[in-house]
Structures are given as C-alpha cells and as structure tokens.
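I opened the sequence and the model side by side. These are my notes on what I looked up.

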Amino acid sequence: MQLDPPHSAATALAHRLHARHQGATAQALIAAAVDEPDLGRLAVVSSFGAESVVLLHMLAQVAPDLPVLFIDTRLLFPETLSYQQEVAATLGLTNVQVIRASNLTLQAEDPGNTLHQRDTDACCDLRKTRVLAAALEGYESWITGRKRFQADTRSDLPRFEADGPRVKVNPLADWTADDLRAYIETHDLPRHPLVSRGYPSIGCTPCTTPVAEGEDVRAGRWRGQDKEECGIHFVDGRAVPGPAPSARQDTNDAPQLLKRA
Ligand code: SF4
C-alpha cells in the first residue's frame, strides 16, 4: 500500500490496529487501546454532550484516570458544565482536564464574544481547534466518541484513523442511535438535561437549536449555515489530511488547562 509521508507511521499503525482488532466490541477496543504501547500517550476528548456518557462509562470501567480533555469554549450551555461535573462524579473519572482559550487570546480576537455572528469557522478555530491542538501536543493518540450515523461527513469513519502524526481511535464508529439509547438505559446513566428538551446534539449556546421530529440529529448545529463540523476533525467543512491547524498563540499566552474531576 502507498502511504503518504510525512505521517506514514500513524497511517501504518492505524491500519495495523484495524486489522488486529477487527470484530472487537467497543468496550474491548477501549481496553485494548489503553493497553496498546504503540499508541503511546493516550487521551480521550469528550464534549460531555448528548451521548458522551456511553464512551465515558466504558472508559471508567478500565481506566478512570486516563486524561479526558473537555473543551470549554466559554459559550457552552450552563447545563453542559453542570452535566460534566455530574458525569465525572457518577462515573468516578478522576482526570478530566478542562481546556480553554486564554483570556488574553479571547480579548484580542473576540472581545465582545460576537465572532460567532460573523464567522463561525474563525470562532470554532479560536475557541476549539487551536485549544485542542495545543492540548494534544502532550499526546500521541486520542479516543473520540464519533459515530458514522451522526453526519454524512462521518459515514466512512473507521475505528482507527491517522490524524496527522497521531492515531485517533473511534470505538463507537459503527454504533447506532438505538445502540446508544439501549446502553444508556441498561446502565442507567445520567442524561444531558437538554436531550429531553429537543437537543439531540449539543454544542455552544449561540450555535445550537432544538431539532424537530424527523430532522437529522445534527440539524440544530449551526442551523442555516453550510457548516457541519467544528474544525476539530475537519477544516472549513472538509475532511483534510494532516494535523489540526497548529496553535497560533505565543508561548506567553498558552491556552488554559484546569484539572477538574
Ligand atoms: S460552535 Fe459557535 S460559539 Fe462555539 S466555538 Fe463554534 S462558532 Fe463559536
């Protein structure tokens, strides 16, 4: 197989792990990822959104102290912030790390918190993509909770994929909405309070609206805009090879990292 430099090592590892763990359950995949030396330093990235609790519950069974990176854009619903604390406490997650753009950066680039009204790509880049890119500098691979059914842009999502120099593990890639609902009910897991109020997918307050019956689960995200992803996994709405855009803040203005259980 022809592999593209300079990140052929991550691509080769993703292919190897895919072959090695074919047929494994999501739970087995998470356990294997935690124990897999080739993945190196590993973190989970979670939005503590509508379905995040499934992946986090599986993680808590095998590695409750694995770093869980939670991006606080400072424009999240208050319900998400309280749900994050509730889920961490309920599941016994001991290493949730809240990551944010620094005050200095926000003051310079979005002093009135209105950038999302003019340029959602720039706002997501400022509040999410660069913050995560900086946090991931400390890791060689990461686990996500993305699923194929969530969007057309995710329909081919593999369980292992190269993301620049890192490998991303997507244990729930082939799970359906019914699978998730059943898992949550079986394990009596806490639900995000906005789900029962018509939000099947939850992002920032200004960019998330309720979804009507029959609409796509992500129809309420950036409603009316030609935008489906925040740029963490895609750039400008398109899947791109290579790493997330590198952090642009100077070294005296690093994104903030707060540890919270
Ligand atoms: S979802 Fe909206 S408010 Fe949140 S970072 Fe992106 S553009 Fe900004």
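**Entry 1: Thr205**

I started with Thr205, which touches Leu75, Leu76 and Phe77, leaving out residues up to four places away in sequence. Touching here is contact: two residues are in contact if their C-beta atoms, placed from the backbone, lie within 7 Å. This is a predicted model, in which local features need pLDDT of at least 70, side-chain atom pairs count only at pLDDT 80 or more, and totals for chains, interfaces and linings use all residues. Residues are numbered from 1 along each chain as its sequence is written.

Where does Thr205 sit? I found Thr205 in the loop between helix 8 and strand 7. Helices (H or I, at least four residues) and strands (E, at least two) are DSSP runs, numbered from the N terminus. Thr205 counts as partly exposed because it has 14 C-beta neighbours inside 10 Å. My cut-offs: a residue is buried if 20 or more other C-beta atoms lie within 10 Å of its own, exposed if 12 or fewer, and partly exposed in between, with C-beta atoms placed from the backbone. I also checked Pro78: 127 residues separate Thr205 and Pro78 along the chain, yet their C-alpha atoms are separated by 8.9 Å.

**Entry 2: the whole chain**

I looked up the confidence next. The protein chain averages a pLDDT of 87, and 84% of the residues score at least 70. pLDDT is the predictor's confidence in each residue, from 0 to 100. Over residues 234-252 the pLDDT is below 50, although this stretch has 36 contacts in the model beyond near neighbours in sequence. I noted a caution: where pLDDT is low, the predicted coordinates should not be read in detail.

The protein chain has eight helices and seven strands. It has 261 residues, and 40% of them count as buried. Among contacts with a separation of 6 or more, 75% join residues 24 or more positions apart.

**Entry 3: around the ligand**

Which residues come nearest to the ligand? Of the 13 residues around it, Thr120, Cys123, Cys124, Cys204 and Cys207 do. A residue is near a molecule if its C-beta atom, placed from the backbone, lies within 6 Å of it. Helix 7 (residues 120-136) gives the largest share of this shell, five residues. I sorted the shell into seven nonpolar, four polar and two charged residues. For that sorting, Ala, Val, Leu, Ile, Met, Phe, Trp, Tyr, Cys and Pro count as nonpolar, Asp, Glu, Lys and Arg as charged, and the others, Gly among them, as polar.

**Entry 4: the core**

The largest nonpolar core has 52 residues. Val44, Leu56, Leu69 and Val167 have the most contacts inside it. Helix 7 gives the most to this core, eight residues. Such a core is a set of buried Ala, Val, Leu, Ile, Met, Phe, Trp, Tyr and Cys residues joined through C-beta atoms within 7 Å.

I followed Leu69. Leaving out residues up to four places away in sequence, Leu69 touches Ala43, Val44, Val45, Gln97, Ile99, Leu132 and Ala135.

Trp142 came next, in strand 4. Trp142 is buried because it has 23 other C-beta atoms within 10 Å. Its contacts, again without residues up to four places away in sequence, include Leu42, Leu136 and Arg166.

In helix 2 (residues 26-35), the buried residues are Ala26, Leu29, Ile30 and Ala33. Seen down the axis of helix 2, they fall within an arc of 100°, so they line one face of the helix. The arc is that of the directions from the helix axis to the C-beta atoms. Their cover includes strand 1 (42-45) and helix 3 (52-62).

Is helix 3 largely enclosed or largely open? Eight of the 11 residues of helix 3 are buried, so helix 3 is largely enclosed by the rest of the structure. Helix 2, strand 1, helix 4 (78-91) and helix 8 are among what covers those buried residues.

**Entry 5: two positive phi values**

Most residues other than glycine have a negative phi. I looked for exceptions. Phe48 has a positive phi, near 50°. It lies in the loop between strand 1 and helix 3. Phe48 is buried, with 25 other C-beta atoms within 10 Å. Asp188 also has a positive phi, of about 50°. Asp188 lies in the loop between helix 8 (177-186) and strand 7 (256-260). Asp188 counts as exposed, with 7 C-beta neighbours inside 10 Å.
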